[in-house]
Amino acid sequence: MSLRTLKVIFGAVTVCFLLASAYIAVLVTERQKVLGDITHYNPAWQASQAVAEFMRLERRLDAFNVPGRGVDKGEVELRFEILLSRVKLLIEGRFQSIIQDDADQLATLRRLADVLVILQPLIAELEHPGSVQQALQLLEPLEPKLLQLASYAQIRGGERIAQDQQELNRLYWIFSGLSLGLILLGLILIGLFSRHNQLLERAHSDLHAVTGHLAHAARHDALTGLANRVLFHERLETHLGRWRQEGLRFAVLCLDLDRFKSVNDTLGHEIGDALLKIVADRLRNCLRDSDTVARLGGDEFAILQEIPGGLEPCMALARHIVGQLSAPYSVDGREIVIGASIGIAAVEADIVSSDQMLKRADLALYAAKSQGRGLFCSFEPSMEAQLDARRSLEIDLRTALANDEFELFFQPQVDIQLNEINGFEALLRWRHPKWSKVSPAEYIPVAEDIGLISPLGEWVIQTACAEAVKWPRCIKVAVNVSPVQFRSGGLVQSVRKALQSTGLAPGRLELELTETSLLDETEATMAALHELRRLGVQIAIDDFGIGYSSLSYLRSFPFDRIKIDRSFVRDLSSRRDAMTIVRSIASLGAGLGMSTVAEGIETKEQFLQVQTAGYTEAQGYYFGRPRPAHELVYSLDPALSAPSG
């Protein structure tokens, strides 16, 4: 039974109880009235008393008329007054209700009243001769009628008493029934109160359990069961308080999973969630009972570790965690390999808040990730200065595109067999109003992090196509594409828009992507590549050989060109194995029917070596440095040509 139903029943019983109580009060009032009628009003007795007084008056008149009987005028007058009052009671009281159905009895009562009016002056003059005799003559005819009236009143009075007794019996049983009903209602109310108390106790118990569950849920991660950001901040504040009062030393470790996003993108969020649960279990097994591990959100975790002295225990813990989280995972029959980067910040005298501790650990984490994957790094004061510089760079970068601070430079690409320029690579340059030129290696990663790479990349493609359409028809333009542009889903539309608005032939546009773009190979990435190919755009894989080179990339999509990384060309004169790698890549490209481009050519010797190795194209400072569009030369200096054959 629900609490609402119980309340409805309780209300109904209460209303019934009140109605029954009110009705009993009415019954009691009626009963008292009937008893009062029986006790204080007896019509038969009143009638008999009136007849008795009538006969006493007659006897006193007879005795007054006979000398020597001892009856004086005063006694006769007294009896007359008593009779007069009795008759008055009969007329003015409730007696007439007894005889109202009998006309003869009503006439007798009225006749008696009339006779008494006539008799009153005679009683006052009893001494006059004939007054007594005249009075007796008036009274004598009434005597039998009064006796009949008394008899009638006796009969009707008995009937009225019988009726009143029946009414009293009826009221008694009704009263008894209602009293019993009230008793039953009282018992029901007691039962309902008892049931209500049980429900309240159960509700209180359930509420206590729910409150406990909500309190736990408010401070723990629903997926992994680890502490969440709220609980981690509370414990961090507690440790800071103990640090100030007791000198307790501790450190915060911020942890970020490497390559976790590719797991979500390629295998789905269900696999990603299952992987996070296993990661949480491994982290628990790495810690002591006094340590706290929390999931701050996504693939970000934090650890609170008490340390007796220096950072050696934190370093050991970080090294152990990196090893444990880098071990292969088995999820739903799939083997998954990820890693972890960790930033460490120990409590120091200048720490004033938990946010400051987390900020320092985040800075150390950022430094660890910038150095590669699977590394850990401790906080250093110089990191805050680097962060301030990055924030300043972010602010300037957000306004640079709107302020027209970007410009494209173009570096020539040479067809080795034809000894002529067959293309230019578009290179982005930022004319910073304060720092003059900023290296792309500094601002491109920042643009990717803050979400500006897509609009910036769209501008580069549009501008490059607009410039290339002015060149001789055989010369193409190459544009570098960020992995973030592939993931954003708008790359194909940007290319289509640029080709349509500028009128550039699709075959003269080449998009260069690094192996990093293919590392997170997804259906969306491959679909975008095939859509670009259907548009007629050429696709080149850039910096080949230094990333995660795999023949599967070349098999999954037929690239037009392979661009070998400049580091191999630079090492041609110093390392023997460099030429072996250079020749292998050239042979691979020829076998797959792809052009091969050697980047970083700075000397004629390097040019001759890559020509000998079989490369079809070359690019580097030897042929020309990047220049703005208005300074481009579309023919190759004959002095730079390598001998054919």
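The sections below move from the whole chain to the sheet and then to its helices.

## Overall composition

The model is predicted. The protein has 645 residues, of which 43% count as buried. Its secondary structure comprises 23 helices and 17 strands. Among contacts between residues at least 6 apart in sequence, 69% link residues at least 24 apart.

An open sheet of mixed pairing is built from five strands in the order 2-3-1-6-7. Its edges are strand 2 and strand 7; each has a single partner strand, so one side of each lacks a neighbour in the sheet. On average, neighbouring strands of this sheet are turned by 20 degrees against each other, direction ignored.

Although strand 2 stands at an edge, five of its six residues (292–297) are buried, so the strand is largely enclosed by the rest of the structure. Strand 2 runs antiparallel to strand 3 (residues 300–306), and five bridges join them.

Helix 12, in turn, lies across strand 1, strand 6 and strand 7, and runs at about 140 degrees to strand 6.

Helix 12 covers residues 354–370. At 1.5 Å a residue, its 17 residues should span 24 Å, and the end C-alpha atoms are 24 Å apart, which agrees. The buried residues of helix 12 are Ser 354, Gln 356, Met 357, Leu 358, Arg 360, Ala 361, Leu 363, Ala 364, Leu 365, Ala 367 and Ala 368. In an α-helix there are 3.6 residues a turn, so residues three or four places apart point the same way. The cover over the buried residues of helix 12 includes helix 8 (229–246), strand 1 (250–258), strand 6 (339–346), strand 7 (376–378) and helix 13 (382–400). After helix 12 comes Gly 372, with a positive phi near 140 degrees.

The packing of helix 12 against helix 13 has an angle of about 80 degrees, with the axes 10 Å apart. That angle makes helix 12 roughly perpendicular to helix 13. Helix 12 contributes Lys 359, Arg 360, Leu 363, Ala 364, Tyr 366 and Ala 367 to the contact, while helix 13 contributes Met 383, Glu 384, Leu 387, Arg 390 and Arg 391. By class, this contact of helix 12 with helix 13 has six nonpolar, no polar and five charged residues.

## Helix 9 and helix 10

Helix 9 (residues 260–267) packs on helix 10 (residues 269–286) at an angle of about 140 degrees, the axes being 7 Å apart. This makes helix 9 oblique to helix 10. The residues that meet are Phe 260, Val 263, Asn 264 and Leu 267 of helix 9 and His 269, Ile 271, Gly 272, Leu 275 and Leu 276 of helix 10. By class, the contact of helix 9 with helix 10 has six nonpolar, three polar and no charged residues.

| Helix pair | Angle | Axis separation |
|---|---|---|
| Helix 9 and helix 10 | about 140 degrees | 7 Å |
| Helix 12 and helix 13 | about 80 degrees | 10 Å |

In helix 9, Phe 260, Ser 262, Val 263 and Asn 264 are buried. Strand 1, helix 10 and strand 5 (334–336) are among the elements that cover the buried residues of helix 9. Just after helix 9, Gly 268 adopts a positive phi of about 100 degrees.

## The end of helix 7

Ala 217 belongs to helix 7 (residues 142–218). With a relative accessibility of 40%, Ala 217 counts as partly exposed. Ala 227 lies ten residues from Ala 217 along the chain, and their C-alpha atoms are separated by 9.3 Å.

Conventions
Residues numbered from 1 in each chain as written. Predicted model: local features only at pLDDT ≥ 70, side-chain atom pairs only at ≥ 80, totals over all residues. Heavy atoms only, no water. Helix = DSSP H or I, 4+ residues; strand = E, 2+ residues; numbered from the N terminus. Expected span 1.5 Å × (residues − 1). Buried < 20%, exposed > 50% of the residue type's maximum accessible area, 1.4 Å probe, protein only. Contact = heavy atoms within 4.5 Å. Pairing = 2+ DSSP bridges. Axes fitted to C-alpha atoms, helices over the stretch in contact; angles between N-to-C directions. Parallel < 35°, antiparallel > 145°, perpendicular 65-115°, else oblique. Nonpolar A, V, L, I, M, F, W, Y, C, P; charged D, E, K, R; others polar.
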